[in-house]
Amino acid sequence: MTQTDDRTPQTPGAIQGHAPADLAGMIACPRCDAVFRAIEPAPNQRAICTRCHHVLIAPRRRAGKRIIAVSMSVLILLVAASAYPFLSIATTGLSNSSSILDAALAFTSDGLLAALSFVLAGLIVFIPAARAVLSIYVLAPLVLDRDAFPGAPFAFRLSEHLRPWSMAEIFAIGCAVALIKVADLATVSFGPAFWMFALLVLLVVVQDNLACRYSIWKALGE
Ligand SMILES: [Zn+2]
């Protein structure tokens with residue numbers, strides 16, 4: 001059930017001239033900038049923007065514990081997927097297998113390509129790992145009904161800023177396209193890391209869908 005009846009959209013201009021304190025109970029749609037008076041729906045219900053239907057608030061029961069569990073799984077899979085072979089290619093008696101980090105850091109001996117290699121490794125391994133660590137840091141004290149750790153609002157804001165730069169799924173799609181291209185030229189087989197990475201991509205999506213930003217900011221007292 002969506003709760004849209006009690007939210008009258010207001011244009012940002014409609015609240016000009018109000019003191020900042022009046023904005024405390026307001027929420028802005030991140031997609032179309034419509035401003036609403038925030039009324040938190042019941043757990044497992046959603047408040048959506050009446051103008052563009054973007055989900056604004058979606059509290060879920062035990063979401064914090066689930067996000068922590070998913071984040072820990074993401075960390076374990078990232079470490080394991082970096083250590084095991086991602087895929088192996090064999091042709092005319094020659095074969096080669098490499099891990100994700102081997103592939104990302106294959107060009108570190110060349111200046112510009114080395115910089116590109118480090119950026120690639122960051123986008124597909126280190127940024128998803130950093131987001132998982134930040135999520136655990138922010139949510140662990142909240143699910144235990146303790147005070148938030150120092151710097152938790154900054155950690156959550158950083159995690160949100162890093163979200164568009166977490167590109168594990170784009171890397172997976174790129175690999176799939178490349179594999180189709182070389183399948184006629186060589187025998188390609190998937191290593192354990194490929195399947196770990198496929199599961200990891202799904203878990204990152206689950207992690208993002210479970211998190212209700214409004215509820216987390218409210219719990220952090222921001
Ligand atoms: Zn909207």
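The chat below goes through a predicted model of a protein chain.

Q: What is the chain built from, how many helices and strands?
A: The protein chain has 7 helices and 7 strands. The model is predicted.

Q: In what pattern do they come along the sequence?
A: Read along the sequence, the pattern is β-β-β-β-α-β-β-α-α-α-α-β-α-α.

Q: What share of the residues is buried?
A: Of the 222 residues in the protein chain, 37% are buried.

Q: And the accessible surface, what does it come to?
A: The accessible surface of the protein chain is about 13000 Å². Carbon and sulfur atoms account for 64% of that surface.

Q: What about contacts, how many join residues at least 24 apart?
A: Taking contacts between residues at least 6 apart in sequence, 63% join residues at least 24 apart.

Q: OK, sheets. Which strands form the open sheet, and in what order?
A: The order is β6-β5-β7, so to speak of the 3 strands from one side to the other, and the pairing is antiparallel.

Q: Which strands stand at the edges?
A: β6 (94–98) and β7 (187–190) do. Each has a single partner strand, so one side of each has no neighbour in the sheet.

Q: By how many degrees are neighbouring strands turned against each other?
A: The average for this sheet is 15 degrees, with direction ignored.

Q: How many bridges join β5 to β6?
A: Strand β5 (residues 87–91) is joined to β6 by 5 bridges, and the two run antiparallel. In terms of residues, A90 has S95 in β6 as its bridge partner, and S88 stands opposite S97 in β6.

Q: What do β5 and β6 form, and how many residues are between them?
A: They form a hairpin with 2 residues between them. T92 is in the turn and has a positive phi of about 45 degrees.

Q: New topic. How many salt bridges does the structure hold?
A: The structure holds 4 salt bridges. One of them joins the side chains of E40 and K218, at 2.4 Å from N to O.

Q: Where do E40 and K218 lie?
A: E40 is in the loop between β2 (35–37) and β3 (47–48), and K218 is in helix α7 (residues 213–219). The pair therefore ties together parts that are 178 residues apart in sequence. E40 is partly exposed, with 32% relative accessibility.

Q: Why do side chains like that pair up?
A: Side chains of opposite charge can pair when their charged atoms come close.

Q: Which residue does D208 meet in a salt bridge?
A: The side chain of D208 meets that of R131, at 3.2 Å from N to O. D208 lies in helix α6 (residues 192–210) and R131 in helix α3, so this pair ties together parts that are 77 residues apart in sequence.

Q: Are those two buried or exposed?
A: D208 counts as buried at 18% relative accessibility, because the cut-off for buried is under 20%. R131 is buried too, at 4%.

Q: What else is R131 in contact with?
A: S159 is in contact with R131, and also with L134 and S135, leaving aside the neighbours of S159 within four places in sequence. S159 sits in helix α4 (residues 152–162) and is buried at 3% relative accessibility.

Q: Which residues are linked in a network of salt bridges?
A: E160, R163 and R213 are. R163 is partly exposed, with a relative accessible area of 31%.

Q: Last one: what separates E169 and V201?
A: Their C-alpha atoms are separated by 5.5 Å, although the two residues are 32 apart along the chain. E169 lies in helix α5 (residues 168–182) and is partly exposed at 31% relative accessibility.

Note on methods: Residues are numbered from 1 along each chain as its sequence is written. This is a predicted model: local features need pLDDT of at least 70, side-chain atom pairs count only at pLDDT 80 or more; totals for chains, interfaces and linings use all residues. Side-chain values use heavy atoms; hydrogens and water are left out. Helices (H or I, at least four residues) and strands (E, at least two) are DSSP runs, numbered from the N terminus. Buried means under 20% relative accessible area, exposed over 50%, partly exposed in between (1.4 Å probe, protein chains only). Contact means heavy atoms within 4.5 Å. Axes are lines fitted to C-alpha atoms, for helices over the stretch in contact, and angles run from 0 to 180 degrees between N-to-C directions. Accessible areas come from the Shrake-Rupley method with a 1.4 Å probe; for residues, only the protein chains shown count as cover.
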